[in-house]
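Subject: Structure handover

Hi,

Here is the structure I promised to pass on. Have a look at it first, and then read my notes below.

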Amino acid sequence: MAKKRSKKRTHVGANNPVTPTAINGHANSRDPKSMVIRIGAGEVGTSVSQLAADVRRVMEPGTASRLRERKANRLRDYVTMCGPLGVTHLMLFSRSESGNTNLRLAVAPRGPTFHFRVEKYSLTKDIRKAQRHPKGGGKEYITPPLLVMNNFSTPDADANSKVPRHLESLATTAFQSLFPPINPQTTPLKSIRRVLCLNREQSDDGTFIVNFRHYAITTKSGKKGGLPNLGKLKDISEFMIGGEDGEGYMTDGTSGSEAETDAEVEILETATKRVHSGKARVAEQDSEDEEAGANDNVERRAVKLVELGPRMKLRMTKVEEGLCSGKIMWHEYVHKSKEELREMEKRWQQRKQEKEARKKQQKENVEKKRKAKADNKKAGGGGAEAESDDDEMDVDYDSDLYNDDGFDSEGLEGDAEELVNARMEEDGEWEDEEKEIANGKSSKRKSLKT
């Protein structure tokens, strides 16, 4: 009997880590996810479209990088998919009729929504053109960036300030929730490859302006390298000044455009050690004691930030309580008195009560229909019809996202064809077409018989 063949080359198991956090220290199913969307994809223009694409790169990997918008898509279409896809934030770019570029940061599914006006912006390609040694396109986007926020809270702010204290804390929480939290004890330093800096400009005129900057972190070993290669140079001066007209040997010190380093830090090396025998281990411990606490695993590395882009100057104009709808919590230009705020609160409470009453009535109607359907099945009166009827869905059609203006009218223009057919039938034109169709079919039959 022949020996049974054992497979040795196929279905080799991958040597993957047990948990996703071992890869980059961030991957988790509960991490926040975002969608960067252009509202009115065909109307915002090429510059805003490229800006949205650059912001998607900033939000990677927890964003929909290959999302394609259509001109017919509405906000309701994206909100509906937030729950199944686990999306927690929406960043909506749009352009007003006056030409202003706007950004809305919405926390799904219940809000709040922050409205910003993009006063100035620079695309990633513009920043790369201005740099002598641009960086990007590598492994920087595998892990989320490190979020650095500055001046978001004012020590002297209170509830009566132009920018209230609760608004500052709300904006801080919204921006912090864009990216997963970092645990300094467990997060490996190699996974932090980018920095997103949000700096709020200090002003006394009641404005909330945030500067958006995106950098890549580059490190260089502090160990001195070997001797420079001077074989192609004629004189030592070419090495020092970079040659005539700057066309010779260029170094970081003679480039004249960027600083060599921003800071130096000490990093604990994670290199593997060889396991020694008992005697060798004792000898190694004795040698370590003699060094008086010297640590060979600590390495000095130079840290430098290289801007990736894009840049944005965001000015907050309005804050809404819901998801792109609801009560206005703060407005930069419209200020209301206490009486007006009380009146507005009464109107919102009334609208909320009416909405709850409609939902309750709708639920009761659905229960009545289900009960009647069950009674018909028991009595055997409407068997087939009861089985063919679809169950009514308990949907809140009174929601703010389901207004008549929000529905997409695409595909409903087929009703015009029905009106044309009815008019042709009244004028007798449809009968002539029926005869032509019948004659065409009969002529085809005759040709087939012959």
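Let me start with the inside. The structure holds one cavity of 30 Å³ or more, and about 100 Å³ of space lies in the largest cavity. For the record, the search ran on a 1 Å grid over the protein atoms alone, and a cavity is a set of points where a 1.4 Å probe fits but cannot get out, with lining residues having an atom within 4 Å of a point. Grid points are joined across faces, edges and corners, and a volume is the space filled by probe spheres set on the points.

A word on where the numbers come from: this is a predicted model, where local features need pLDDT of at least 70, side-chain atom pairs count only at pLDDT 80 or more, and totals for chains, interfaces and linings use all residues. Residues are numbered from 1 along each chain as its sequence is written, and side-chain values use heavy atoms, with hydrogens and water left out.

Back to that cavity. What lines it? The lining of the largest cavity is made up of Met91, Leu103, Leu105, Phe116, Phe175, Leu178, Leu198, Val210, Phe212, Met312 and Leu314. By class that is 11 nonpolar residues, no polar and no charged, where Ala, Val, Leu, Ile, Met, Phe, Trp, Tyr, Cys and Pro count as nonpolar, Asp, Glu, Lys and Arg as charged, and the others, Gly among them, as polar. At least two lining residues come from each of β3 (101-107), β7 (209-221) and β10 (311-320).

Now the overall picture. The protein chain has 11 helices and 11 strands; these are DSSP runs numbered from the N terminus, helices being H or I with at least four residues and strands E with at least two. Of its 450 residues, 28% count as buried. Buried means under 20% relative accessible area, exposed over 50%, and partly exposed in between, with a 1.4 Å probe and protein chains only. Among contacts (heavy atoms within 4.5 Å) between residues at least 6 apart in sequence, 70% join residues at least 24 apart.

On to the charged pairs. With a salt bridge taken as a side-chain nitrogen of Lys or Arg within 4 Å of a carboxyl oxygen of Asp or Glu, the count comes to 11. One of them pairs Glu69 with Arg38, at 2.9 Å from N to O. Glu69 lies in the loop between α2 (46-59) and α3 (75-85) and Arg38 in strand β1 (residues 34-38), so this bridge ties together parts that are 31 residues apart in sequence. Both Glu69 and Arg38 are buried.

Another salt bridge joins Arg311 and Glu307, with the closest N and O atoms 2.7 Å apart. Here Arg311 is partly exposed at 35% relative accessible area, while Glu307 is buried at 9%. Lys318 and Glu320 also form a salt bridge, 3.6 Å from N to O, and Glu320 is buried with a relative accessible area of 9%. Salt bridges that share partners also join Arg38, Arg56 and Glu69 into one network.

Neighbours within four places in sequence aside, Lys327 is in contact with Val319, Glu320, Glu321, Met344, Glu345 and Trp348.

Finally, some backbone details. Most residues other than glycine have a negative phi, and most peptide bonds are trans. Asn151 has a positive phi of about 65 degrees; Asn151 sits in the loop between β5 (146-150) and α5 (165-176) and is partly exposed at 31%. A cis peptide bond joins Glu60 and Pro61, with omega about 5 degrees, and Pro61 is in the loop between α2 and α3. The bond from Gly111 to Pro112 is cis as well, with omega near 5 degrees, and Pro112 lies in the loop between β3 and β4 (113-122).

Cheers

How values were computed
1 Å grid on protein atoms, 1.4 Å probe; cavity = no way out; pocket = protein on both sides within 12 Å on 5 of 7 lines; lining within 4 Å.
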